[in-house]
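Hello,

Here is the structure we spoke about, with notes on its sheet and helix packing below.

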Amino acid sequence: MIDASQLPELDNDEIARYSRHLILPNVGMEGQRRLKAASVLCVGTGGLGSPLALYLAAAGVGRIGLVDFDVVDESNLQRQIIHGTAWVGKSKVQSAKARIHDLNPNVQVDTHEVPLTSENALGIVAPYDIVVDGTDNFPTRYLVNDACVLLGKPNVYGSIFRFEGQASVFNHDGGPCYRCLYEEPPPPGLVPSCAEGGVLGILPGIIGMVQATEIVKIILGIGDSLSGRLMLYDALGMTFRQLKLRKNPNCVICGPNPTVTELIDYNQFCGVPTASEGARPTDVAAGNEGFARQGVAEIKARLDGGWAPFVLDVRKPHEADIVKLAFADALIPHESVGHELARIPHDRDILVHCKMGGRSATAAKVLVDAGYRNVTNMEGGITAWAKEIDTSLPTY
Ligand SMILES: [Zn+2]
């Protein structure tokens, strides 16, 4: 910890602003000056990043870095409360920066409007004291963890799904890292994203504020951090539970004999196809997977040209209640496709779609394994169709 004599002073406006902290035992003038001296990197300005960046700014953390390359979408506003309606279609980090400065102009905000990658992560993370993980995908989560371990930074973790969330502090005070808890990523497609699985809008608020609390405690050196504990929150049962976490003595990055000594290719590690490998290819030919992946423009052109596939929607019925393609032939949730093959003809081409293209790719593989030929996955799903082909359709 920095020696108290080295900490920045507060001016009279700051003393007025932070008065409820200044009179609080365990914070006081020295604690507030520690907050002013601190720097925190928020990876993601979405559901978790929104509340935690707001509270860190309000609390007087001196420098906040924001990493995000996304733009604000209308569907974000249900939970990403740092962004407002006027910012839809505009940069998330600029939106967050404007809101933070409205809340507390004393905070220095650094914007990193790029995807966090193995190439840039160490450079972006290095100038900060603490990193907070507000990401929504596994490759970035492992990347953040590994960068923090390699640079010796605490990694304040949170994740959310539907009505449940979890939080912990990794790589702090000799405690475990994310890889100690989750050695291997789940198979791609097994864990739906918030876009696929849905999330209660308030949930990231609760988890993000737990993360913000942990950050402030680490800066102040007070209380017991979540290092070595995983907090589990269930909104429906309204329960907080905790699991004890131990450092894995064989951890590949934080163990005594690490095999991961530099950042790796996290998309490959997590089995996520990259753009160059054909995340949205235009080639009709079936690839190694045994089915074709096509974008909506190509699919529309083929349909206009007389192609008449059996169109299989593999989303859930409540999603089809929101919006569906008028020319869909059947609705079978992706996990049931293997049991409902009798409803899917063998003598026609099959076009599979879901919301974004992930679940339908899983279903396409099931169909190929069951002997179906000429299976095409609609890349980007009905969301891409609604954005690029039929803009009268709502997106969700
Ligand atoms: Zn570890």
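Eight strands form an open sheet: the 8 strands follow the order 3-2-1-4-5-6-7-8, with mixed pairing. Two strands pair if DSSP finds at least two bridges between them. Strand 3 (108-112) and strand 8 (239-244) are the edge strands, each pairing on one side only. From one strand to the next the twist averages 15°.

This is a predicted model, in which local features need pLDDT of at least 70, side-chain atom pairs count only at pLDDT 80 or more, and totals for chains, interfaces and linings use all residues. Residues are numbered from 1 along each chain as its sequence is written. Helices (H or I, at least four residues) and strands (E, at least two) are DSSP runs, numbered from the N terminus.

Strand 5 (residues 155-161) and strand 6 (residues 164-170) run antiparallel and are joined by 7 bridges. One of the pairs is isoleucine 160 with glycine 165 in strand 6.

Helix 7 (residues 138-151) packs on the sheet, touching strand 1 (39-43), strand 4 (130-133), strand 5 and strand 6; contact means C-beta atoms, placed from the backbone, within 7 Å. The direction of helix 7 makes about 165° with that of strand 4 (angles run from 0 to 180 degrees between N-to-C directions, and axes are lines fitted to C-alpha atoms, for helices over the stretch in contact). Helix 10 (residues 203-220) lies across strands including strand 7 (229-234), at about 170° to strand 5.

Helix 4 (residues 49-59) and helix 5 (residues 92-103) pack at about 30°, with axes 9 Å apart. In helix 4, Ala53, Leu54, Ala57 and Ala58 meet Ala96, Ile100 and Leu103 in helix 5.

Regards

Conventions:
Contact = placed C-beta atoms within 7 Å.
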